[in-house]
Amino acid sequence: MKRLFLIIAPLAFCLGISAQTVEISWSKEAVDGHRTGVVASNASNVEEAMGYVKGKTYYAPNGKKFKGKATRDVAELMIKAQPAMAQVKEVIGYSTEFLDRTYPECPLYDWYIDELMRATADSLHRKVDIGITNAGGVRIEMPKGEVLYDDIMSMFPFKNNLCYVALKGKDVRVILDQMAASSFQIIGGVKVVAQNGKIISATVNGEPLDDEKVYGVATLNFLLDGGDGYFVAKNALEVLQNKSWLYDTMLSYVKSLTAAGKPIEFENQHWITILGEGDKK
C-alpha cells in the first residue's frame, strides 16, 4: 500500500473570510513517484525516499537528475520541510498486515475497541463489559509494515475523551436496536445477531443480555449526548470521563507494543453477525 498524504485546505484563511462558519475540506492523494521514484519518507530516510538537491540539480531516488528550475525548486521545498515534520514521521510501530475498514466489523475496528475498553477500565478504575464507539471516528486504514506517529494521529484525529457509562441492559439494548435498524457502529464485549434490521440475540460473556443488570460501557464523550445520533449517556447510572485524548491513548498503546517487541495484529472477533432474510440463527 502506498502511504497517503493528508492535505488540509483551510479555505477561510486563504480567502480572507471571517466571522462566519466555513467548512474545512481535506482529501488523500497517493504519492505518485513514477518519474522520480519518490515515496513518502519517515523521520530517518528522507534522502533515500525523496532524494536530495545539490547546487542547481535535483538527484531523485531512482537515479535521475533534474536540472529544470521548477522540479528542482519543488523538490528542495519538500525536502527542507521534512525536519519540521520529523515528529509525526517517527516510526512507532509495525503492523504485520494491512488492516482495512470494512462493514460491519473488521480486525482494525476490533483492535481499536479492545484497547478502548482496556484503557477505559484502567484509567477510570471501573469494570468494563461492553465497548461502543462510532465507525466514523476511524479515518484511515492501518498500513502494513512501518507505522508512523502520523498514521495513528490520522486514524484517530478527533479530540475525543474516553468515557465510562454504567447502563442497564435494557438501555444497552436500545442502542444495539438503533444500530441494527440503521448502521452498525464499532462494538466489543457483546455478541449480537441481527436480522431484518432487528437484534435477535445479544450476549455478554456468553450470557444473554439482562435488561435489569448494570453493565460497564466504554465509549467516547462524542457519543454521550447525540454524536452521530447516539445518546449513550441517556438513563446512565454513572458517567466518568478521562481527560486525555483518544489519540494519545492509541499512540501510547502502539508504543507500548513496540517496547514489548510486539507488532500490531488482530483478528476479527465476530461481535456482529447479520443474517439474511431466510437464514436461521
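A contact, as the term is used here, means heavy atoms within 4.5 Å. In the protein chain of this predicted model, residues 24 or more positions apart account for 69% of the contacts with a separation of 6 or more. The chain has seven helices and 16 strands, these being DSSP runs numbered from the N terminus (helices: H or I, at least four residues; strands: E, at least two). Residues are numbered from 1 along each chain as its sequence is written, and side-chain values use heavy atoms, with hydrogens and water left out. Because the model is predicted, local features need pLDDT of at least 70 and side-chain atom pairs count only at pLDDT 80 or more, while totals for chains, interfaces and linings use all residues.

**Surface and burial**

- Of the 281 residues in the protein chain, 42% count as buried (buried is under 20% relative accessible area, exposed over 50%, partly exposed in between; 1.4 Å probe, protein chains only).
- Carbon and sulfur atoms hold 53% of the accessible surface of the protein chain, which comes to about 15,400 Å² (Shrake-Rupley method with a 1.4 Å probe; for residues, only the protein chains shown count as cover).

**Leucine 257**

- Leucine 257 belongs to helix H7, residues 246–259, and is buried at a relative accessible area of 11%.
- Leaving aside residues up to four places away in sequence, leucine 257 touches Trp111, Lys262, Pro263 and Ile264.
- From leucine 257 to isoleucine 92 the C-alpha to C-alpha distance is 9.3 Å, although 165 residues separate them in sequence.

**Aromatic rings**

- Four aromatic pairs are counted (rings of Phe, Tyr and Trp, the last by its six-membered ring, with centres within 6.5 Å; planes under 30 degrees apart are stacked, over 60 edge-to-face, the rest tilted).
- One of them is the stacked pair of tyrosine 52 and tyrosine 59, at 4.9 Å centre to centre with 10° between the planes.
- Tyrosine 52 is partly exposed at 35% relative accessibility, and tyrosine 59 is partly exposed at 21%.
- Tyrosine 112 and phenylalanine 156 form a tilted pair, with 4.8 Å between centres and 50° between planes.
- Tyrosine 112 lies in helix H4 (residues 107–124) and phenylalanine 156 in the loop between helix H5 (149–155) and strand S9 (161–168), so this pair ties together parts 44 residues apart in sequence.
- Tyrosine 112 is buried at 1% relative accessible area, and phenylalanine 156 is buried at 1%.
- Lysine 191 lies over the face of tryptophan 271, 4.9 Å from the ring centre (a charge sits over a ring if NZ of Lys or CZ of Arg is within 6 Å of the ring centre and within 35 degrees of the ring normal).

**Salt bridges**

- The count of salt bridges is 12 (a side-chain nitrogen of Lys or Arg within 4 Å of a carboxyl oxygen of Asp or Glu).
- Arginine 101 and glutamate 141 meet in a salt bridge at 3.1 Å, N to O, and this pair links distant parts of the chain, 40 residues apart.
- Arginine 101 is partly exposed at 28% relative accessibility, whereas glutamate 141 is buried at 14%.
- Glutamate 115 and arginine 118 form a salt bridge, with the closest N and O atoms 2.6 Å apart; they are three residues apart in helix H4 and so separated by about one helical turn.
- Glutamate 115 is buried at 2% relative accessibility, while arginine 118 is partly exposed at 41%.
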